[in-house]
Amino acid sequence: MNESFGIPRVGIAADVHAFASDPGRPLWLACLHWPGERGLEGHSDADVAAHAACDAMMSAAGVGDLGQLVGTGDPAYAEASGELLLRESLAAVTAAGYAVGNIAVQIVGQRPRFAPRAAEACATMSEIVGAPVTVSATTTDRLGFTGRSEGIAAVATALVYRARP
């Protein structure tokens, strides 16, 4: 198939993690540490915002997903940061001949209060990806597992385009 350099591709992804049973596990969300908040359960740091962004840009570029790239069975990625996973995903997207245009991430959960650190999260993730990343948050008005504060979810959309050879 002959792809035009001018036609962008879009990927959409979601990630969900439960809050950890260990109250001492740190919370990493949107590549930021959230002191005083209980962390999420997972093989890596369980940063749902970073993970959803990874999967969205990889999906858009047609290079699989985060589980295929690093996998939960790989001990090298135990406790891996969202930043590292974003960089690894970006490398796969770049190797496939794509560049990231932008990423939008929506976090869904009752806590932490995201608004006070939204600009910091956008700046941090944008710097890592090298493209604009917007991060916002919402609640489910106390409905469902996120509403009961059992975990956090995130949905991301990424736009990538064919890089010139």
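These questions and answers go through the reasons behind some labels used for this predicted model.

Me: What makes T94 partly exposed?
Reply: T94 is also found in helix α3. Its relative accessibility is 46%. Buried stops under 20% and exposed begins over 50%, with partly exposed in between, so T94 counts as partly exposed. The C-alpha atoms of T94 and A61 are separated by 8.8 Å, although the two are 33 residues apart along the chain.

Me: How do you know where the buried residues of α3 lie around its axis?
Reply: The buried residues are G82, L85, L86, S89, L90, A92 and V93. They cover an arc of only 160° around the axis, which puts them on the same side of α3. An α-helix has 3.6 residues a turn, so residues three or four places apart point the same way. The cover over the buried residues of α3 includes α1, α2 (66–69), β4, α4 and β6 (151–162).

Me: What makes one face of α4 the buried one?
Reply: The buried residues of α4 are A118, A121, C122, M125, S126, I128 and V129. Seen down the axis, they fall within an arc of 160°, so they line one face of the helix. They pack against β3 (32–38), α1 (48–61), α3 (82–95), β4 (98–108) and β5 (133–138). The face turned away from this buried side carries the exposed residues A119 and E127.

Me: How does the reach of α4 compare with the span expected at 1.5 Å a residue?
Reply: Helix α4 (residues 118–129) has 12 residues and reaches 16 Å from its first C-alpha to its last, close to the expected 16 Å. Just after α4, G130 takes a positive phi of about 80°.

Me: Why is the contact of E79 with R25 called a salt bridge?
Reply: The closest N and O atoms of E79 and R25 are 3.3 Å apart. The limit is 4 Å between a side-chain nitrogen of Lys or Arg and a carboxyl oxygen of Asp or Glu, so the pair forms a salt bridge. E79 lies in the loop between α2 and α3 and R25 in the loop between β1 and β2 (26–29), so the pair ties together parts that are 54 residues apart in sequence. E79 is exposed, at 52% relative accessible area, whereas R25 is buried, at 12%.

Me: Which salt bridge does E150 form, and what makes E150 partly exposed?
Reply: E150 forms a salt bridge with R148, with the closest N and O atoms 2.8 Å apart. E150 has a relative accessible area of 38%, so it is partly exposed. R148 is exposed, at 52%. A search of the whole structure finds 5 salt bridges.

Me: Why is V10 called exposed?
Reply: V10 has 54% relative accessibility. Exposed means over 50%, so V10 counts as exposed. Its place is in strand β1 (residues 9–18). V10, I12 and V155 form a nonpolar patch on the surface, with about 280 Å² of accessible area together.

Definitions and conventions: Residues numbered from 1 in each chain as written. Predicted model: local features only at pLDDT ≥ 70, side-chain atom pairs only at ≥ 80, totals over all residues. Heavy atoms only, no water. Helix = DSSP H or I, 4+ residues; strand = E, 2+ residues; numbered from the N terminus. Expected span 1.5 Å × (residues − 1). Buried < 20%, exposed > 50% of the residue type's maximum accessible area, 1.4 Å probe, protein only. Arc of directions from axis to C-beta. Contact = heavy atoms within 4.5 Å. Patch = residues over 30% accessible without salt bridge, like charges linked within 9 Å, V, L, I, M, F, W, Y side chains within 5 Å. Areas by Shrake-Rupley, 256 points an atom, 1.4 Å probe, with all protein chains shown as cover.
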